[in-house]
Every structure is written in C-alpha cells, then in structure tokens.
Amino acid sequence: MDGLASSLPERPDNIEIADLLSRIADLLDTQNENFYRVRAYRNAARTARGLDDSITTMLRKGGRSQIERLPSIGRSISTLLDEFVHTGRARLLDRLEGQVSPEDLFTTVPGIGEVLAHRIHEELGIETLEALEVAAHDGRLETVTAVGPRRASGIRDSVAAILDRSTRRRAHQRHLPKLPLRRDHEPEVATLLAVDSEYREKAKTGSLKTISPRRFNSMRQAWLPVLHTQRDGWSLTAMFSNTARAHQLGTTGDWVVIYYERDGDENQCTVVTERRGPLAGRRVVRGREWECTKNEAPGSPNKITLRRNDDDHRATCRDYSLHRVSDE
C-alpha cells in the first residue's frame with residue numbers, strides 16, 4: 001500500500017496550478033489590473049501546463065528557489081504557489097473573488113481553525129497578523145474563548161515565524177510600542193494615502209469595477225468597488241472593509257483595506273478617518289499614525305508635523321496603541 005501511495009502524483013498537479021493562475025489572470029483582467037501583471041500570470045499558467053515535472057514536487061523538495069528557475073515564475077508567483085501547495089488556498093484568489101475576510105487570513109496560522117479565527121475577529125476586532133501578534137503579547141488573545149496561555153504562546157510563535165519568513169518588520173514587539181522605524185518592506189505612508197484618496201474618489205464617481213463579496217451580501221450583489229494599481233514597484237489593491245466590525249460601526253464607506261505585494265512580500269493595512277487626537281478628521285494608516293503626522297496624500301491641506309522624540313509624541317503613540325482595537 002505504501003508503495004502504491006508513493007507512486008501517486010502529488011496534488012495539486014500542474015493542471016490545477018495552471019487553472020489557478022489562469023483564473024487569477026482572468027479576474028485581474030476583468031478588474032482592470034495592469035496589463036503586464038495579467039500577462040505574467042497567463043505566462044506562468046502556460047509554463048505550468050507545458051511542464052513535465054511536478055511543480056508541487058519541486059516545491060516540496062527544493063522550495064521556492066527551485067520553481068523560480070522556471071520560465072515566467074518569479075518571486076511573487078512562487079510565493080503564491082507555495083501557499084497554494086501547502087494550504088490548498090490562495091489569498092489573492094480569495095480577494096479577487098470577493099472572499100474578503102480576516103478569518104481567512106487567521107486560518108493560515110497553525111493552531112487556528114475556522115471557529116477560533118471567527119472568535120478572534122469577533123471578540124478582539126483585529127484584522128491583520130501584526131495585530132494578532134500584538135494581542136498574543138499583551139494578553140488580549142488569552143481572553144478569547146478556548147484560548148489559554150499555552151495556546152496563545154503557540155499562536156504567538158507561529159505568527160512571529162510567518163512574519164519573519166516573509167521578512168516583514170513587525171509594527172510592535174510588545175503592547176507598548178517603540179518609536180517606529182522606517183519600514184523597507186512596506187509602501188511609504190504617502191503612497192498608501194494617495195492610493196486611499198484615488199480609491200475613494202473613483203468609488204464615489206462609480207468608475208471602478210465592483211465585485212460581489214460573499215460575506216454580509218445575501219443578495220449576492222456586486223457592490224464592492226476594487227482598485228488595482230502599481231506604485232513604486234508595489235502592486236496594490238484597495239477596497240472598502242467588509243468586516244463584521246465595519247458593518248456594526250457603519251464604517252463600510254470609510255475604512256479602506258489596502259493589500260500590497262512586491263517580490264513575494266505581501267501584507268495589508270487599513271486606512272481610516274481618525275476620530276481623536278491631533279489627527280482627528282484626517283485619513284491615517286492604522287498602526288502607522290506617527291508617520292501620518294509627517295506624510296499626507298499629495299495636495300492634502302494643513303499638513304501636521306510633530307517632533308518625533310518629544311514626550312507628547314510618545315504619549316500620542318501610546319494612545320493610538322491602546323485605542324486601536326476599540327476604534328476598529
């Protein structure tokens with residue numbers, strides 16, 4: 001029996017992988033994504049279809065570097081295929097098909113199933129792996145039903161490993177943050193605010209393609225506008241937040257989630273209208289408020305500047321950290 005099992009082809013096979021890449025290319029095309037990015041996924045699909053060797057076997061034996069030697073398979077696509085082979089899912093496809101859910105992101109962490117992912121999102125109101133890591137450090141995760149100290153510690157270690165593997169700098173190492181440093185693996189705040197401004201303006205005029213999210217959309221209406229854009233080498237996708245928290249607070253037309261990817265580094269952030277402090281009434285990137293004091297979208301009036309090292313600024317950062325979850 002073992003010999004028979006080992007002779008069976010590994011799944012997903014190359015045809016399934018090619019179908020995934022073609023589906024992504026088609027959705028990107030219908031949502032007005034950059035021509036070159038669409039072409040990259042179509043070329044990768046052709047490579048997968050014409051390959052004799054199993055991409056899944058190559059990935060499992062040699063890692064991403066092995067398949068990056070193939071024609072049309074770069075770091076971004078190899079990262080996506082690595083996720084698909086090891087989890088059976090592709091978050092990019094989920095987003096493109098309207099499956100926009102923080103719970104989907106949390107289930108990629110070992111030890112978190114669908115039920116626990118739902119509880120974490122509902123009880124803590126967090127939406128990113130960085131926020132989950134902070135909650136695991138400051139004790140909030142242990143307040144979630146069925147999560148004790150040992151399980152919280154395991155989740156914290158798993159999230160840290162995921163973030164480290166993707167070479168992203170974590171926003172906070174503990175519940176009271178250090179003064180943030182420049183992040184080489186994230187777009188500049190000015191870039192994110194500019195994308196946020198462009199998205200909201202185009203959504204207002206109805207000039208964007210819309211998708212039909214699966215959550216909170218029983219009539220299956222295509223109401224959620226999507227913007228794909230390229231800036232500073234980043235591929236960015238913006239859409240209004242379609243989370244339970246956003247619906248509860250009536251902020252589905254205010255909170256904008258921006259997904260960004262470059263060379264295999266992928267993450268997301270949320271841009272909101274600040275309701276307190278020196279930035280009240282202005283658009284800010286959650287978790288990077290201190291940078292928003294120095295950076296605003298081009299043309300934004302009344303730019304605010306705070307001194308980075310003074311006591312008031314430290315207090316502001318602390319206030320934002322303590323209030324961030326309740327705001328969102």
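**A cavity and a helix pair**

Tutor: By class, the lining of the second largest cavity has five nonpolar, five polar and six charged residues. This is a predicted model, where local features need pLDDT of at least 70, side-chain atom pairs count only at pLDDT 80 or more, and totals for chains, interfaces and linings use all residues. Residues are numbered from 1 along each chain as its sequence is written, and side-chain values use heavy atoms, leaving out hydrogens and water.

Student: What makes a residue nonpolar, polar or charged in that lining count?

Tutor: Ala, Val, Leu, Ile, Met, Phe, Trp, Tyr, Cys and Pro count as nonpolar, Asp, Glu, Lys and Arg as charged, and the others, Gly among them, as polar. Arg37, Arg95, Glu261 and Glu266, among the lining residues nearest the centre, therefore count as charged.

Student: Which helix gives the largest share of the lining of the second largest cavity?

Tutor: Helix 6, with four residues. Helices here are DSSP runs (H or I, at least four residues), numbered from the N terminus.

Student: Why are helix 2 and helix 3 called roughly antiparallel?

Tutor: Their axes cross at roughly 165°. Angles over 145 degrees count as roughly antiparallel, so helix 2 and helix 3 get that name. The axes are lines fitted to C-alpha atoms over the stretch in contact (heavy atoms within 4.5 Å), with angles running from 0 to 180 degrees between N-to-C directions.

Definitions and conventions: On a 1 Å grid over the protein atoms alone, a cavity is a set of points where a 1.4 Å probe fits but cannot get out, and a pocket is an open set with protein on both sides within 12 Å along at least five of seven lines; lining residues have an atom within 4 Å of a point. Helices (H or I, at least four residues) and strands (E, at least two) are DSSP runs, numbered from the N terminus. Angles under 35 degrees count as roughly parallel, over 145 as roughly antiparallel, 65 to 115 as roughly perpendicular and the rest as oblique.
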